[in-house]
Amino acid sequence: MAGQACIQIRGVFKRYKTAQEDSLADVSLDIMQSDVFGLLGPNGAGKTTLISILCGIIPVSSGDVQFFHNGRPYSEHERKSRIGFVPQEYAFYQELTPRQNLDYFGAMYNLPKKRLQERREHLLQVLGLQKAADQKVGTFSGGMKRRVNLAIGIIHEPEILFLDEPTVGVDVQSRNAIIRYLQQVNQAGTSIIYTSHHMSEAEEFCKNIALIDHGRVIAAGGLQHLKAVHEVENLQTLFINLTGEEYRD
Amino acid sequence: MFKLYSSLRKELLLLINDKVGLALMFLMPLLLVFIITIIQDSAYKMVNENQIPLLVVNHDKGKEGGKLVDLLTKSGLFKIDSQNAIQQESLKSELLSRGKMIALYIPATFSAGLESNAEDVSGILMDDLGLERDTTARRKVSMPRLSFYNDPVLQENYSYSVMSVIQSYMSVIENSLMIERMYANMDIAERSGKLKDKMISNRVGIDQIVARNNNSTAIPNSTQHNVPAWTIFAMFFMVVSLGSNIVKERVNGSFLRLKTMPTTFMVVMFSKMAIYVVVAALQVALTFSMGIWILPKLGLPKLSVPDNIIATIAVIFISSMAAVSYALMIGAFAKTEQQANGFGAISIIIFGAIGGILVPTFVMPGFMQFFSNFSPLHWCLEGFYVLFLKGGSWQELRMVFAFLGIFIVFCQLGTYFKLRLERII
């Protein structure tokens with residue numbers, strides 16, 4: 001049901017033990033159900049830290065994060081069952097085949113055997129991995145590995161999907177295939193929270209965005225609205241105007 | 001259960017795909033047992049079958065030197081190689097060039113010196129008893145010295161053992177000569193035989209009793225040392241496979257991905273431990289089978305299976321758990337696969353060396369024997385020794401289980417806290 005928040009982030013701060021500064025400072029956001037929400041920012045801005053907090057990998061230093069479905073808050077266990085996470089790294093087993101990887105991670109999501117087999121074959125089909133389904137992933141191209149990474153994150157049909165730069169380092173064909181499939185997933189009701197450095201891709205894909213810099217949200221809202229307010233033609237210009245042109249890494 | 005089954009299946013598939021790890025875990029112990037047992041068997045035979053090769057150069061102009069060589073030959077302890085043409089000056093180089101470890105040089109004045117000494121002793125006795133004797137002046141010959149040559153690589157205690165044996169045969173000759181000379185001075189030389197026999201043959205004997213708890217008469221042999229020793233070594237070498245497996249999962253984000261899933265990390269760790277404990281059990285089955293069925297066909301001693309099967313299973317299990325726990329800890333602490341493989345492998349070789357896998361601990365210096373207590377491989381080997389060589393009882397295995405138990409808990413806690421520090425658990 002669109003219009004209701006699926007994630008509420010309130011006053012979140014995060015400082016790593018050895019760090020001198022906050023990685024996130026007073027971040028507050030509402031992410032709507034069935035949205036495609038872009039977390040954008042330069043390198044080191046805090047995007048991955050925020051996604052890691054939302055996925056439960058690291059705790060907040062202070063602040064609060066709440067998950068909802070149709071207005072009802074999730075328990076911790078529900079959150080783990082209902083979210084999907086596609087990390088930036090190839091977080092799977094290169095020595096195994098896509099089928100074996102999906103079997104393993106699907107079981108970890110508590111999918112019953114029969115349902116797991118159906119979802120596995122469906123994803124192999126729609127992500128163009130059917131022919132290579134029994135070959136070791138280590139032999140795959142970067143684009144195929146990205147698609148395996150994505151398939152693992154959505155095998156259990158999550159209500160909320162976190163994608164940390166899902167198309168980095170892949171060719172145009174693989175990028176198109178991934179974005180097209182993610183749009184289908186979103187149309188089926190899955191909320192997507194997405195980070196990327198590809199501004200044109202984000203502009204095409206996202207409905208709402210938050211621009212983060214130095215751990216703070218410097219702009220948030222509907223993409224078209226932000227472009228109008230800042231009187232820019234595209235997201236890249238908006239990004240440069242708000243974050244500057246100097247190197248960040 | 002489906003989750004556990006899937007996790008076990010994944011670990012098994014990863015293991016099957018790790019060809020290098022499999023070779024290290026299964027081929028290496030077979031090769032090591034085979035090669036080291038053959039090499040050590042000759043050393044064990046050298047000691048157990050009393051065949052010490054001895055180069056003898058006898059330049060004695062009398063008959064006592066020949067008697068000594070005869071006694072050494074008849075003892076059955078030595079394989080005598082008589083080379084009387086060799087000069088003493090060149091004996092060192094001859095010893096090394098002939099590949100012998102020890103040599104005995106008998107000087108030209110050997111008999112004359114012994115006889116002169118016997119004459120002196122006999123004279124003193126006759127004088128003390130107030131008996132008349134032949135006082136014709138004789139040429140004094142100083143007490144002879146035998147020269148014992150040994151290869152510098154030979155252990156000192158081994159050389160001393162051989163010299164002690166030669167010394168004991170020298171006593172026989174010296175006593176015999178003294179008795180002969182005393183009887184001769186009393187003009188009853190023909191009667192000396194009875195006393196000589198009585199004095200020489202009727203000596204205090206020593207009964208050797210091997211300390212073991214059952215009535216087994218099995219003598220420790222190269223197979224009984226090498227089969228368990230190299231099996232334990234190979235068990236711990238699973239650090240290369242399991243350790244790098246964990247590093248990969250930590251580094252590539254699989255562990256973190258699991259953290260976002262509705263599962264417990266215990267399932268993952270339990271699966272890893274279960275699969276690798278089975279691997280360790282298979283390693284034992286493989287090397288023990290080799291010891292029982294293949295080594296005897298090559299003329300090597302057969303491995304005798306311990307009587308206490310339950311204790312054997314318990315020792316195999318706790319040894320496997322120690323190896324698995326160590327591999328988990330290395331995997332948790334290493335930052336890269338190279339670190340896990342390098343540090344893991346080298347640490348196992350060091351643990352093996354100080355733990356008595358390469359050389360038994362009893363031949364090590366005292367401080368090294370103390371350090372061997374810090375090697376988990378030492379306690380695993382002790383467990384197998386108790387089973388194989390001492391007919392192991394639970395009482396004797398108590399220390400083994402205690403030390404290995406402490407080691408396992410230490411490794412598991414180390415792994416837990418490191419993964420917790422990295423927020424994986």
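**Exercise 1.** How many helices and how many strands does chain A have?

*Solution.* Keep in mind that you're looking at a predicted model. Go along chain A and tally the elements: you get nine helices and ten strands. Next, check the overall build. The radius of gyration of chain A is 18 Å, close to the 18 Å that the globule rule gives for 249 residues, so chain A is as compact as a globular protein of that length. Its C-alpha atoms fill a box of roughly 50 × 40 × 40 Å along the principal axes.

**Exercise 2.** Work out the strand order of the six-stranded sheet in chain A, and find its edges.

*Solution.* Start by walking across the open sheet: the order is β6-β7-β8-β3-β9-β10, with mixed pairing. Now look for strands that pair on one side only; those are β6 (83-86) and β10 (216-222) of chain A, the edge strands. Ignoring direction, neighbouring strands here are turned by 15° against each other on average.

Zoom in on one pair. Strand β3 (residues 36-40) and strand β8 (residues 191-195) of chain A run in the parallel sense, paired over four bridges. In that pair, Gly38(A) sits opposite Tyr194(A) of β8(A).

Methods: Residues are numbered from 1 along each chain as its sequence is written. Chains are lettered from A and ligands numbered from 1 in the order in which they are written. This is a predicted model: local features need pLDDT of at least 70, side-chain atom pairs count only at pLDDT 80 or more; totals for chains, interfaces and linings use all residues. Helices (H or I, at least four residues) and strands (E, at least two) are DSSP runs, numbered from the N terminus. The radius of gyration is taken over C-alpha atoms; the globule rule is 2.2 Å times the number of residues to the power 0.38. Two strands pair if DSSP finds at least two bridges between them. Axes are lines fitted to C-alpha atoms, for helices over the stretch in contact, and angles run from 0 to 180 degrees between N-to-C directions.
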